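Me: I'd like to go through the aromatic rings in this one. Can you take a look?

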Amino acid sequence: MIRRRKKVRKMRGSRTHGYGQIGGHRSKGQRGGRGKTGGHKHHWVRTLKYQPNYFGKHGFTRYERIVTKHQTINVGQIDQNAEKLSTEKREKMLVIDLHKHGYTKVLGAGKITTPIIVKAETFSEKAKQKIEKAGGKTITPQK
């Protein structure tokens, strides 16, 4: 707490104690509006000082049809559900085609213990490393 003298003691004899008209600093009319009111009008100096980039456009938004939303699955989830997800067996390894299950991207969270062949549109770098370290392969379809 900051120790300071109260204005009452300091400004004895002053009718308004430095708050302008009588009633100044008393009612809600002194605060200049509710919430963020007046940022473009009477609080403009405060806006310039503390929020200089508040107004205006920043960056751009891409169209929804352009942005590809990936259905992701982690390496750990693949390892846990390898038996369910597998479509065939090749070279003593299970082959998992994630496109058939609705997934498009493989992410690298979790552990993988069995060597498996994974087919997907995209892989994160970590996912590729983990699959290949376990003795498996990653396959991306040619477009």
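Aromatic rings

Reply: Trp44 is partly exposed, at a relative accessible area of 33%. Keep in mind that this is a predicted model.

Me: How many aromatic pairs does the structure hold?
Reply: Two aromatic pairs. In one of them, Trp44 and Phe55 are tilted, with 35° between the planes and 6.0 Å centre to centre.

Me: Where in the chain do Trp44 and Phe55 sit?
Reply: Trp44 is in helix H2, residues 44–50. Phe55 is in the loop between H2 and strand E1 (72–74). They are 11 residues apart, and the pair links distant parts of the chain.

Me: And what kind of pair do Tyr54 and Phe55 form?
Reply: Tyr54 and Phe55 are edge-to-face, with 85° between the planes. Their centres are 4.9 Å apart.

Me: Which residues do the ring pairs link into a cluster?
Reply: Trp44, Tyr54 and Phe55.

Me: Back to accessibility. What is the relative accessible area of Phe55?
Reply: 36%, so Phe55 is partly exposed.

Me: What about Tyr54, what is its figure?
Reply: Tyr54 has a relative accessible area of 41% and counts as partly exposed too. The cut-off for exposed is over 50%.

Methods. Residues are numbered from 1 along each chain as its sequence is written. This is a predicted model: local features need pLDDT of at least 70, side-chain atom pairs count only at pLDDT 80 or more; totals for chains, interfaces and linings use all residues. Side-chain values use heavy atoms; hydrogens and water are left out. Rings of Phe, Tyr and Trp (its six-membered ring) pair if their centres lie within 6.5 Å; planes under 30 degrees apart count as stacked, over 60 as edge-to-face and the rest as tilted. Helices (H or I, at least four residues) and strands (E, at least two) are DSSP runs, numbered from the N terminus. Buried means under 20% relative accessible area, exposed over 50%, partly exposed in between (1.4 Å probe, protein chains only).
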